[in-house]
Amino acid sequence: RPRVLSGIQPTAGSFHLGNYLGAVRQWVALQETHDAFYMVVDLHAITVPQDPKELRASTRLAAAQLLAAGLDPDRCTLFVQSHVPEHAQLGWVMNCLTGFGEASRMTQFKDKSAKQGAEGTTVGLFTYPVLQVADILLYQADQVPVGEDQRQHIELTRDLAERFNGRFGRTFNLPAAYILKETAKIYDLQDPAVKMSKSASSPKGIISLLDEPKTTAKKIRSAVTDTGTEIRYDPEGKPGVSNLLTIHATLTGTPVAELERRYEGQGYGALKTELAEVVTDWVTPFRERTQEYLGDPETLDSLLAKGAEKARTVAAETLATAYDKVGLLPAK
Ligand code: AQP
C-alpha cells in the first residue's frame, strides 16, 4: 500500500470548513486505500505565542475532531507530533541542509511574519517549513494530502529529499502533494478573494466546525456574493457563489452542474438557505461526536499513545539511517 502522511495544527480549537474540505476529508477517504499516518502538529503550534493550558486542551480537541470526522485508529496511525521526538531530531538535520534564501522564499512565512511583526517573528516560525519536511520524510510518505496553501512546502520537501539523497546516497522517498482541485482552496465567506483562514478570516468569514449550528447558518446566509442573480459556477466572475456551490457539491456529493440546473431561475437566497441546512446537518452530529471523544480523555490519550508508538517504529528507523548517512557517530 502506498503511504500518506499529513498533519493539522491544534491552534484556536475548532477546525474550520476549509481544513475539513481541503484536507481532513481526504484523510478519511485515504485511510481505506493507503498506509496512513496523521498527526496533530503541536510543535508547529508553538511557532507563534500560545497559552500552555490552552495548547494542551486544543491538542486533545484536535484529536477528538479528527476522530469525529471519521478517522479510525484501526485503519490509520493517529498521533501527536511531540510524542515522536524524531520529528525535532530530523528537523535539525534538515535545517542544516536548507539555504537561508530558500527558506526566506516561503510565502506562508512571509505572510505570517508580516502579521507577527519583526519582534514577534521567531526563528521557529522561519524554520517551520523545514520541520514539516522532516515530518513527511520520516515516514517515507508517497503522498501528502493538503490544501493548496501547502503546495510550496511539499515542493521544498522534494528539493531537500533530493539534496540529501544526492549528497549522502538514496535515503528518502520523494513525496507528491495530493491536492484535490475542487476543494484545494475554500474561500472566506466575507471576502471570497482570500482563503478561509484561522488567523486571517473575520469571525463572519469563517465556518468553525464547533460553532453553534445557528451561528453557522447565519454566516452562510450573510455570505458575500455579487450584484448579479444567476447561480453559476464561475470562480473568476462569481467567486462568492462558486465557493458556496463547491461547499454544497462536496458535502452532498452532487455535481456542480446538477446544482446549477436545480437553482436555475432562483435567487442567491435559495442557495444560501439550502446550503445552511446542508452544513448544519453535517456539523450537528460532528459536534456531538467530538464532545463524546472529549468526554473520555483517558481513552483518547491511550489511543494517541498507541498511535505514537506505531509511528515511532517507522520514524526511529528512518532517523537512524539519516544520522548514519550524515556521519553522526552512533552511541554505543
Ligand atoms: N481555506 C482552505 N481551503 C482548503 N484547505 C485549507 N487548509 C487550510 N485552510 C484551507 C488545509 O488544512 C490543513 C490544515 O491546515 P493547518 O494545520 O495549516 O491549519 P491552520 O494553519 O491552523 O489553518 P489555516 O486556516 O490555514 O491557518 P492560517 O491561515 O493561520 O495558517 C492543511 O492541509 C491546509 O492546506
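**View 1. The cavity found in the predicted model.** A search of the whole structure finds one cavity of 30 Å³ or more, where a cavity is a set of points, on a 1 Å grid over the protein atoms alone, at which a 1.4 Å probe fits but cannot get out. This is a predicted model, in which local features need pLDDT of at least 70 and side-chain atom pairs count only at pLDDT 80 or more, while totals for chains, interfaces and linings use all residues. Residues are numbered from 1 along each chain as its sequence is written, and side-chain values use heavy atoms, with hydrogens and water left out. The largest cavity holds about 50 Å³ of space, a volume being the space filled by probe spheres set on the grid points, which are joined across faces, edges and corners. Its lining consists of M106, Q108, F109, K112, L125, Y128, P129 and H153, lining residues being those with an atom within 4 Å of a point. Two or more of these residues come from each of the elements α6 (107-120) and α7 (123-137), helices being DSSP runs of H or I with at least four residues and strands runs of E with at least two, numbered from the N terminus.

**View 2. Helix α6 and its kink.** Helix α6 has a kink of about 70°, centred on A114, the bend at a residue being the angle between axes fitted to the seven residues ending there and the seven starting there. Within α6, Q108, F109 and S113 are buried, which means that each has under 20% relative accessible area, whereas exposed means over 50% and partly exposed in between (1.4 Å probe, protein chains only). The buried residues of α6 pack against α7 and α8 (151-168), contact meaning heavy atoms within 4.5 Å.

View 3. The whole structure has 14 salt bridges, each a side-chain nitrogen of Lys or Arg within 4 Å of a carboxyl oxygen of Asp or Glu. One of them joins the side chains of R151 and E148, at 2.9 Å from N to O; R151 counts as partly exposed at 34% relative accessibility, and E148 counts as partly exposed at 30%. K195 forms a salt bridge with D149, with the closest N and O atoms 2.6 Å apart. Because K195 lies in the loop between β5 (176-178) and α9 (213-221) and D149 in the loop between β4 (143-145) and α8, this pair ties together parts that are 46 residues apart in sequence.

**View 4. A buried pair and a network.** The side chains of K219 and D211 meet in a salt bridge at 2.8 Å, N to O, and both K219 and D211 are buried. Elsewhere, E32, D72 and R75 are linked in a network of salt bridges.

View 5. T246 lies in helix α10 (residues 239-252) and counts as buried because its relative accessibility is 8%. Not counting residues up to four places away in sequence, T246 touches E182, T183, I186 and Y233. V84 is placed in the loop between β3 (76-80) and α4 (86-95), and V84 counts as buried because its relative accessibility is 0%. Although V84 and A308 are 224 residues apart in sequence, they are 6.2 Å apart in space, C-alpha to C-alpha. The contacts of V84, again not counting residues up to four places away in sequence, are F79, Y139, A308, A311, R312 and A315.

Conventions. On a 1 Å grid over the protein atoms alone, a cavity is a set of points where a 1.4 Å probe fits but cannot get out, and a pocket is an open set with protein on both sides within 12 Å along at least five of seven lines; lining residues have an atom within 4 Å of a point.
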